[in-house]
Amino acid sequence: MLKTNIVIIGAGMSGIMAGQTLKKRGQTDFLIIDKGRSVGGRMATRRIDAGKADHGAQFFTARTRRFQSEVNQWLSEGSVVRWFGKNHPRYMSIDGMNKLAKRLASDLPVMLNIEVTSIRLTETGYLLTTMEGDIQAEQLIVTVPAPQAEALLVNGNVPINQEDLNTLHQIKFSPCLVGIFKLSRPSKLPTLGHLDQNLPEGIIRMVDHYDKGISHEHILSVYMTGEWSQQHFNEEPHVVLAEIVKKSNHYFVDQAIEVSQLKKWRYAEAVKFLRQPYLSLSLPHPLVLAGDAFLTADDSGKHTRLETAFTSGVLTAEYLIDTMM
Ligand SMILES: Cc1cc2nc3c(=O)[nH]c(=O)nc-3n(C[C@H](O)[C@H](O)[C@H](O)COP(=O)(O)OP(=O)(O)OC[C@H]3O[C@@H](n4cnc5c(N)ncnc54)[C@H](O)[C@@H]3O)c2cc1C
């Protein structure tokens with residue numbers, strides 16, 4: 001059985017930053033595991049023929065000094081650029097958002113394609129059940145969205161107290177359906193390939209990834225609102241895609257669609273979140289929940305975002321190290 005001091009479940013921005021922070025603070029006995037084929041979680045990029053689309057986060061903003069200083073470093077290394085927004089810049093990763101996640105995780109111990117199905121409390125820590133075998137950890141950082149984290153704990157009968165459960169239940173996520181279309185001709189989006197104003201009801205954002213500068217083909221993604229996505233989440237993909245095309249085809253000639261794909265995010269954005277950077281559960285061994293739904297008390301933002309995932313990951317790892325000292 002694999003044994004390690006700290007396991008981080010989830011290799012999205014929070015998990016990666018927790019890992020980076022542990023490493024910077026001299027910790028070597030840790031492991032990040034993720035069920036995905038790549039690191040990044042909602043920093044997701046897919047290929048369609050010779051084209052590419054970011055179908056999760058499109059860009060990020062920096063409101064806090066800590067995150068801005070990190071972003072400045074990424075800018076100077078050339079891994080991110082400003083996309084648009086003069087006073088309030090939107091930054092994007094060159095070559096797709098997933099590339100940034102891969103770069104940030106490149107020197108971390110990550111195991112992919114491993115899905116944790118339950119967490120059990122043991123005498124020395126926690127036992128994680130996976131299809132590839134059990135993993136034993138003394139301490140855990142769980143960065144998967146709160147409803148999924150709770151399911152893992154409930155599956156393993158971890159005795160979470162009522163107060164912690166009540167706190168966890170305050171977090172609510174909304175889904176997001178994303179229509180992804182390869183077009184044979186340019187779309188009618190503005191020059192930079194981004195539109196989030198005056199869109200038909202149900203659409204929150206549209207992006208042409210050719211104009212964004214990451215794709216050789218015109219790959220258009222259409223992001224639906226949480227409410228619309230909730231209503232249509234369980235419908236057949238071809239029905240959902242037809243609805244999305246009907247709503248958005250003012251911005252492209254619908255005969256020009258060469259490929260249509262649907263991405264379903266069940267946990268896209270935390271519409272109800274906590275004003276605390278992590279939740280350390282009252283258990284005999286450290287188990288800390290982190291992720292974008294945990295905001296610092298002084299965060300002026302009204303949305304969970306890449307920056308909140310970043311901050312939560314860093315502060316969770318710092319907390320764990322400080323409690324170990
Ligand atoms: C459609 C969409 C658009 C967005 N647009 C923006 C934007 O423009 N700007 C912005 O700032 N933010 C945006 N966001 C939000 C941003 O992507 C998230 O806030 C951030 O990426 C969350 O990071 P995280 O590490 O907290 O979670 P995730 O990225 O969700 O990471 C969690 C990881 O846990 C893994 N996992 C889950 N369950 C298990 C399990 N049982 N075993 C092992 N691994 C598991 C998952 O595979 C995943 O990799 C968007 C999100 C979506 C979905």
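**Exercise 1.** State which helices and strands each supply at least two residues of the shell around the ligand.

Solution. Helix H1 (13–24), strand S15 (257–272) and helix H9 (306–324) each supply at least two residues of that shell. Helices (H or I, at least four residues) and strands (E, at least two) are DSSP runs, numbered from the N terminus. The model is predicted: local features need pLDDT of at least 70, side-chain atom pairs count only at pLDDT 80 or more, and totals for chains, interfaces and linings use all residues. Residues are numbered from 1 along each chain as its sequence is written, and side-chain values use heavy atoms, with hydrogens and water left out.

**Exercise 2.** Describe the residues around the ligand and their classes.

Solution. Step one: there are 30 residues around the ligand (a heavy atom within 4 Å). Ser-14, Asp-34, Arg-42, Phe-59 and Asp-292 come nearest. Step two: by class, the shell has 14 nonpolar, 10 polar and 6 charged residues, with Gly counted as polar.

**Exercise 3.** List polar contacts of the ligand (pairs of N or O atoms within 3.5 Å).

Solution. Begin with Asp-292, where a polar side-chain atom lies 2.7 Å from a ligand oxygen atom. Next, a polar backbone atom of Lys-35 is 3.1 Å from a ligand nitrogen atom. Finally, a polar backbone atom of Gln-58 is 3.3 Å from an oxygen atom of the ligand.

**Exercise 4.** Find what share of the 325 residues of the chain is buried.

Solution. Apply the cut-off for buried, under 20% relative accessible area (1.4 Å probe, protein chains only). Of the 325 residues, 55% count as buried.

Notes. A polar contact is a pair of N or O atoms within 3.5 Å; within protein, one must be able to donate a hydrogen and the other to accept it, and residues adjacent in sequence count only if both atoms are side-chain atoms. Buried means under 20% relative accessible area, exposed over 50%, partly exposed in between (1.4 Å probe, protein chains only).
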